[in-house]
Amino acid sequence: MEEDHSADECPPAGWEVRLQAQEEEVMLLKSALCDVLQRIRNLETQLPSGHPCDYSSSIVPPVSNVISPLKAISEPMDRTQDYRSVLCTVGTQTEWSLVDNEPKDSLDAMDATAPCENDSFNKEYYDGIADSEEVEKVFQSPTPEDSGANIHAVTPLKLNKKELLRRNSSSDKLVREAKEKSKRLERKVLSSSNLLSGSSSSKRGNYNIDGMSVKVFLRGRPITMYIPSCIKNHDDQKPELPSEKLQLEWVYGCRGRDSRCNLRMLQSGEVIYFTACVIVICDVNRGTQRHFLRHTDCVRCLAVHPDGVRVASGQTAGVDKDGKPMVFIWDSSSLQILHQIGLGFFERGVGCLTFSTQDFGLFLCVVDDCSDHVLSVWDTVKGNKISETKCTNEPVLCVAFNPVDSSYIVTVGKSHIHFWSWSAASLTKKQGIFGKYKKPRYVQCVLFDQTGDVLTGDSEGQILTWARSAADTRTLGKGAKDTYQISRLTRAHDGSVSSLTALQGGCVLSSGGKDRRLVLWSETLSQLKEFEIPEQYGAVRSIAEGIEGELLVGTTKNALLKGSLERGFTPIIQGHTDELWGLATHPFHNIFLTCGHDKQLCIWNGNDHTLNWAHILEDPGLCADFHPNGREVCVGLSTGKWLVLDLQSRKILSVHSDGNEQLSVVRYSPDGNFLAVGSHDNVIYMYSTGQKDHKDYSRDNSMEDKYSPQEEGENPEVEGDNCVSQRTQQYTRYGKCVGHSSFITHLDWSKDGNYIMSNSGDYEILYWDITGGCKLLRNRYKNKDREWATYTCVLGYHVFGVWPEGSDGTDINALARSHEMTMIAVADDFCKVHLFRYPCNKPKAPSHVYCGHGSHVTNVRFTHHDSYLISLGGKDASIFQWRVVKASNIPRNHSLSSTSSIEAAH
């Protein structure tokens, strides 16, 4: 095995000394080797003519012709030379010589079918003359003039191969020992040369181009990629930006699972909410979205100005230098920023905020999410801070101005309610007194009613009415002050009260967490109506009143519902609730599939941006792929199981399990005959689908209608049931691809469906002959011109330019080539989506960069006609649908809403 050295073990000054010592040792080895070969020749000359061991025509190379292993490593070989087939190990990959022109009647040609010398795949070695031949191949590159003599020297050995292999003389022993020692020294020299080139550092090293291959370093490991024949001169390749750009068209889901102030209405009738780093302005009636993309990290709260146009939104602190907590005050019609406040003042993030009402939004109150939960008041016209004070050490969940007097502010949170009064730069606090009532664990929402009283909803399911009580001077004396106490308790919900909303006409609408009920209350808190939200949408998190009394409801399952208490509610926005990984696009319809840690498999319609249907999985889904016929889909789970579903009947066709490790990739062959399943147990499992039906469904427009949501109680078509029964249990194990030394990350099929290219967690690039029995193709050079049906592998000659300088090998999570082979989309660990030109075969290639996701981007895929790109967020559980447009076709007034504000080439 190759010795690993780090920069810390050997100082830079000691590298040259160590390398010089190794060179001297190599020279001694060469001299000893030549002496051994000379003795062998002398012994041969003493044998009588015609003896079976006579190989007097062998040529002993002079010392001057022997090539130093260090020189062989450091100097690229001439492409016109006649190389012998020599196997060596470079990093984690098995390399073969580039050309094999050895005559077929040589001894090596006879051994071509035997196992090869490779530490990773075969631990056995052959003894005998074959070893001495290998030593000559390592240290000598024969000239064309000597090739005839070498052939003549090997010919008599071929006839007596069995006898020669039995030979065990002292000379053979010396040859074997010299060979083993030379291999060890060669590995040491290679390791030392990697140290000098910087390949052992955590950052990516230099690129070594010898005219036939490109070498790149990831975490100190060299990865060799061969240049295709169509590339005449690699140096002439110029990295360019793609002519296409991305425009954010639709965002699926909203942040409701852990956010409260997340849903408001604008004067224009549009609803505004947020998810990840995007604030979405949705026209529910027209089915369109606009997007504010100036936040650099996840948005936590928003508030709408009394004029219904201006918006204040706050973000949390991020991990990079741009992710600092701040508040933007911006115009919702033009999406222009009016003020940026709090940069450098807020510490951990913006917890909640609100505009004043009495003075028409002149002030903005913000609560920092730091340990002291600092309360601050800002001037919305000038953008400067007026006052600040420490609030409490407990979490603060909501803040509100008194609508008739802006000098009074109320904050609520964990086991407290505080009443604030401020003038000039001073803020004074009075704590609400629970008195004889049980203090709730959390006071979750606050509302001022028309009489000026304060209503709060808490975790005990009760609505408390707070009133200001005059000071009791008789008991407490002249210095007594006014207090705030509970004047009324109303039992409202089973579980917590998640929100309180004042409706037009003076009524109050409350929402429950555990019971999922919406309850309408009169001005005197008498119950009028109620409605229970279906369980599939989760508990209610926030409520907004729309046009003509229509209600908009945000839920904890990241859904947005529209309706009324009388007619019920229908979803207009739906999404996932946990980390997403699995993504697949339909082969000939604008339909895509997502799955993640929330155990939901969702089929989405990209035309009308709706959820067609969903399926609950037994375990988290991590990968998926559509069958080429478009009727089936395979989903890989975290437990090693994978299942196949029929899209029309929504029935499970087949369930299999391969190992107990999670599955990272499933991929159908282009003809649909095979299914490759990549696992974290380092194996690619190959299955035969048993399908011979290659009917073209791409022109069947009715297919999209068949994927639409079915009404409750509706049965699938009988014809679909017959198809399902015919295709059930036809998946059979075909073989296994064993050879990776780490878990499988990506794989792609060749266009003819016979070969696979795969990547692993330790940056291997391996090729497999599937139709030939799932065999590993060790000669990677011969695969340089192979055409691939898809390109999702993150390592390869055509895509290595997407890796950023200094990458640690995990910065890129997914990659997808467009079907027209003109661009590459990349999902990285820094919340960005990149668009590169294809091929991307030069380092530091420029790209268009797009923001919006609030977590690592886990996957990207182009739709079947390359008009859309789908991207998945990790922890933010968001799905973005980007429209692919020519750069000249992007409207100028959409520059902030639909394209990245920091789009740049790097």
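A: Strand β8 (residues 271-275) and strand β9 (residues 278-283) pair in the antiparallel sense, over 5 bridges. Strands here are DSSP runs of E with at least two residues, helices are runs of H or I with at least four, and both are numbered from the N terminus; two strands count as paired if DSSP finds at least two bridges between them. In this pair, Ile-272 stands opposite Ile-281 of β9. In general, strands of a sheet pair through backbone hydrogen bonds.

The model is predicted, with pLDDT of at least 70 required for local features and 80 or more for side-chain atom pairs, while totals for chains, interfaces and linings use all residues. Residues are numbered from 1 along each chain as its sequence is written, and side-chain values use heavy atoms, without hydrogens and water.

Both strands belong to an open, antiparallel sheet of 4 strands, ordered β7-β8-β9-β10. Its edges are β7 (263-265) and β10 (288-292), each of which pairs on one side only.

Val-271 and Tyr-273 are among the residues that touch the most other members of the largest nonpolar core, which has 44 residues. Such a core is a set of buried Ala, Val, Leu, Ile, Met, Phe, Trp, Tyr and Cys residues joined through side-chain atoms within 4.5 Å; buried means under 20% relative accessible area, with a 1.4 Å probe and protein chains only. Strand β6 (residues 244-252) gives this core its largest share, 5 residues.

The whole protein chain has 10 helices and 57 strands, and 54% of its 906 residues are buried.

Technical notes
Buried means under 20% relative accessible area, exposed over 50%, partly exposed in between (1.4 Å probe, protein chains only).
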